Amino acid sequence: MDEKLLMEKRLGEMARRAYMRGVPVFSDFVSPEVAAAFLATRPEPKPQIWGGYAGAERCMLGFGLAEYSQIASHAFSQDSGCNEPWEFPQGNLRDVSGGAIPGEDISGGTIPGEDVSRGAIPGEDLSGKASPGEKFSKRTPCKENPPGESRFKEVFPLACISITAKNRQFGGDFGHRDVLGSLLATGLERAVLGDILLSPGRAYVFCHRRVEGHICSALERVGRAPVEVAAGWPPADMTSKAPVERQIQLASPRVDAVLAKVWNISRGQAAQLLAAQRVFVDGRICANGAKALGEGAALTLRGYGKCRLGRLAGHSRKGREIWQVEVY
């Protein structure tokens, strides 16, 4: 069976498990293509999606979060007589999708959706600390959460690791492939790793919370450069950059034409990138350069960046279309 189709089936099973048990279920990180394909066929309610920051490519899917909060809020107010609104605990909710337990040896990596038999049951204490009638909202968070995010995003089993070069003089400016390769060499699988953000001498890796300790203890080098590894979130300016607004002139809003204009490449290069499956339209692989894009379409060129087609602003004197575009 195709790996992407198998992953979509696993996500569907997680959605059913969340509905039947009445508890949140989280997937491992999935690619934009898998997420888009699943959401296109998924009826309401849609899962929550979060990858650690707005605009993340690789994200986790959280099923049953809204329904669970409604059930728990009703039960909390009925049992305790408290009229204050219930809030999600900010501690460790169990990741039902992975089945991991504290101290479990994860050095061999995980398979998306593996061993879900140990998931929680309705009414089970998911945080490990709550007692009947306890106010969840007063509990101290066990992990540092990115500031300004909603309660749904805070309960995702997601962590962020800061990797800093000890000496930038000896290969301390990392590349994406260097960081990913070094992480996989410790025994992890790609499914437990999210996006990797780079800055001079430092990299930030979003990962599943169950492998956070493993990365901090096992990763000593990136390439040949010794590194220091610790839990830490990237600064806001790395995850909230405003897009650059531009105007481009096109004969028609074809994929290959937009690629060529936005990233200043030739049509031949655009065709090669399309054939190499490095182009995504709204999260799905696009191999057809003649595909017409509409207003609001998101175009990603792996290794270059992404953009979103805005509105048709008008026409030039030669009759070419003038499109607004936001480049990230």
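## Close-up views of a predicted model

**View 1. Phe 63 and its neighbours.** Leaving out residues up to four places away in sequence, Phe 63 touches Leu 11, Met 14, Ala 15, Ala 18, Val 23, Pro 24, Val 25, Phe 38 and Pro 47; contact means heavy atoms within 4.5 Å. The model is predicted, so local features need pLDDT of at least 70 and side-chain atom pairs count only at pLDDT 80 or more, while totals for chains, interfaces and linings use all residues. Residues are numbered from 1 along each chain as its sequence is written, and side-chain values use heavy atoms, with hydrogens and water left out. Phe 63 is found in strand β3 (residues 60-63). Helices (H or I, at least four residues) and strands (E, at least two) are DSSP runs, numbered from the N terminus. With a relative accessible area of 3%, Phe 63 is buried. Buried means under 20% relative accessible area, exposed means over 50%, and partly exposed is in between (1.4 Å probe, protein chains only). The C-alpha atoms of Phe 63 and Ala 15 are 5.6 Å apart in space, and the two residues are 48 apart in sequence.

**View 2. The crossing of helices α1 and α2.** The axes of α1 (residues 3-21) and α2 (residues 32-41) come within 10 Å and cross at roughly 55°. That makes α1 oblique to α2. Axes are lines fitted to C-alpha atoms, for helices over the stretch in contact, and angles run from 0 to 180 degrees between N-to-C directions. Angles under 35 degrees count as roughly parallel, over 145 as roughly antiparallel, 65 to 115 as roughly perpendicular, and the rest as oblique. α1 passes α2 in a right-handed crossing. A crossing is right-handed if the near helix is turned clockwise from the far one by less than a right angle, and left-handed if anticlockwise. On the α1 side the contact is made by Lys 4, Met 7, Glu 8, Leu 11 and Gly 12, and on the α2 side by Glu 33, Val 34, Ala 37 and Phe 38. By class, this contact of α1 with α2 has 5 nonpolar, 1 polar and 3 charged residues. Ala, Val, Leu, Ile, Met, Phe, Trp, Tyr, Cys and Pro count as nonpolar, Asp, Glu, Lys and Arg as charged, and the others, Gly among them, as polar.

**View 3. The surroundings of helix α2.** In α2, 7 of the 10 residues are buried, so the helix is largely enclosed by the rest of the structure. The buried residues are Pro 32, Glu 33, Val 34, Ala 35, Ala 36, Ala 37 and Phe 38. They pack against α1, β3, β10 and β11 (284-285).

**View 4. Cys 160 and Cys 207.** A search of the whole structure finds 0 disulfides, a disulfide being a pair of cysteine sulfur atoms within 2.5 Å. The sulfur of Cys 160 is 7.4 Å from the closest cysteine sulfur, in Cys 207, which is too far for a bond. Cys 160 is buried at a relative accessible area of 2%, and Cys 207 counts as buried at 0%.

**View 5. The packing of helices α8 and α9.** With their axes 9 Å apart, α8 (255-263) and α9 (267-275) pack at an angle of about 115°. α8 passes α9 in a right-handed crossing. Val 255, Asp 256, Ala 257 and Leu 259 in α8 meet Arg 267, Ala 270 and Leu 274 in α9. The residues of this contact divide into 5 nonpolar, no polar and 2 charged.

**View 6. Two loop residues with positive phi.** Most residues other than glycine have a negative phi. Phi of Asn 264 is near 55°, a positive value. Asn 264 lies in the loop between α8 and α9 and is exposed, with a relative accessible area of 70%. Phi of Gln 277 is near 60°, also positive. Gln 277 is placed in the loop between α9 and β10 (279-281), and at 47% relative accessibility it counts as partly exposed.

View 7. Ser 252 is in the loop between β9 (244-250) and α8. Its relative accessible area of 28% makes Ser 252 partly exposed. Not counting residues up to four places away in sequence, Ser 252 touches Ala 257 and Glu 321. Ser 252 and Ala 290 are 38 residues apart in sequence, with their C-alpha atoms 9.6 Å apart in space.
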